[in-house]
Amino acid sequence: DSASANLQPEGMDKLKEIGLTLKETTNEIPSDIDWIIQVEGHTDKNPIKTTQYPSNWELSTARANSVLKLLLDLGFKPNRLSAAGYGEFYPISQENSVEAFQQNRRIELKLTSR
């Protein structure tokens with residue numbers, strides 16, 4: 001939702017499914033490879049200025065942290081996770097429609113080396 005870092009039930013279910021798949025996948029990575037899952041939060045371009053989220057930077061970081069906590073609950077080790085907020089600066093869509101704004105409010109998970 002706009003201006004929110006709370007996971008909706010459908011999103012949480014999907015993220016748990018993805019997280020469990022990532023858990024299985026990362027269990028197969030050889031121990032000599034230093035990997036990390038980067039959780040990236042994004043917002044739409046509507047500016048926010050609330051007590052909780054003074055800007056889209058804070059909102060996007062809070063979104064990433066919500067997913068990071070879910071991954072911790074699934075058993076990921078903290079040293080295998082990171083969270084980053086990108087605000088509105090990496091949109092999927094440049095349009096000004098409700099659908100475009102919904103696409104841009106997202107989380108991305110990246111399995112990468114550290």
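**Note on a predicted model**

1. Ala83 is found in strand 2, where strands are DSSP runs of E with at least two residues, helices are runs of H or I with at least four, and both are numbered from the N terminus. The structure is a predicted model, in which local features need pLDDT of at least 70 and side-chain atom pairs count only at pLDDT 80 or more, while totals for chains, interfaces and linings use all residues. Residues are numbered from 1 along each chain as its sequence is written, and side-chain values use heavy atoms, with hydrogens and water left out.

2. With a relative accessible area of 32%, Ala83 is partly exposed, a class that lies between buried (under 20% relative accessible area) and exposed (over 50%), using a 1.4 Å probe and protein chains only. If neighbours within four places in sequence are left aside, Ala83 is in contact with Val39, Ala64, Asn65 and Leu68, contact being defined as heavy atoms within 4.5 Å. Ala83 and Asp73 are 10 residues apart in sequence, and their C-alpha atoms are 15 Å apart in space.

3. Glu108 has its place in strand 3 and, at 23% relative accessibility, also counts as partly exposed. Apart from neighbours within four places in sequence, Glu108 is in contact with Gln38, Val39, Glu40 and His42. The C-alpha atoms of Glu108 and Ala84 are separated by 9.9 Å, although these residues are 24 residues apart along the chain.

4. Helix 1 covers residues 9-27, which is 19 residues, and reaches 27 Å from its first C-alpha to its last, close to the 27 Å expected at 1.5 Å a residue; the expected span is 1.5 Å times one less than the number of residues.

5. Which residues of helix 1 are buried? They are Leu15, Gly19, Leu22 and Thr26. These residues cover an arc of only 65 degrees around the axis, which puts them on the same side of helix 1; the arc is that of the directions from the helix axis to the C-beta atoms. On the other side of helix 1, Pro9, Glu10, Asp13, Glu24 and Asn27 are exposed. The buried residues of helix 1 pack against strand 1 (35-41), helix 2 (56-73) and strand 3 (107-113).

6. Tyr90 is found in the loop between strand 2 (81-85) and helix 3 (98-104), and Tyr90 is exposed, with a relative accessible area of 51%.
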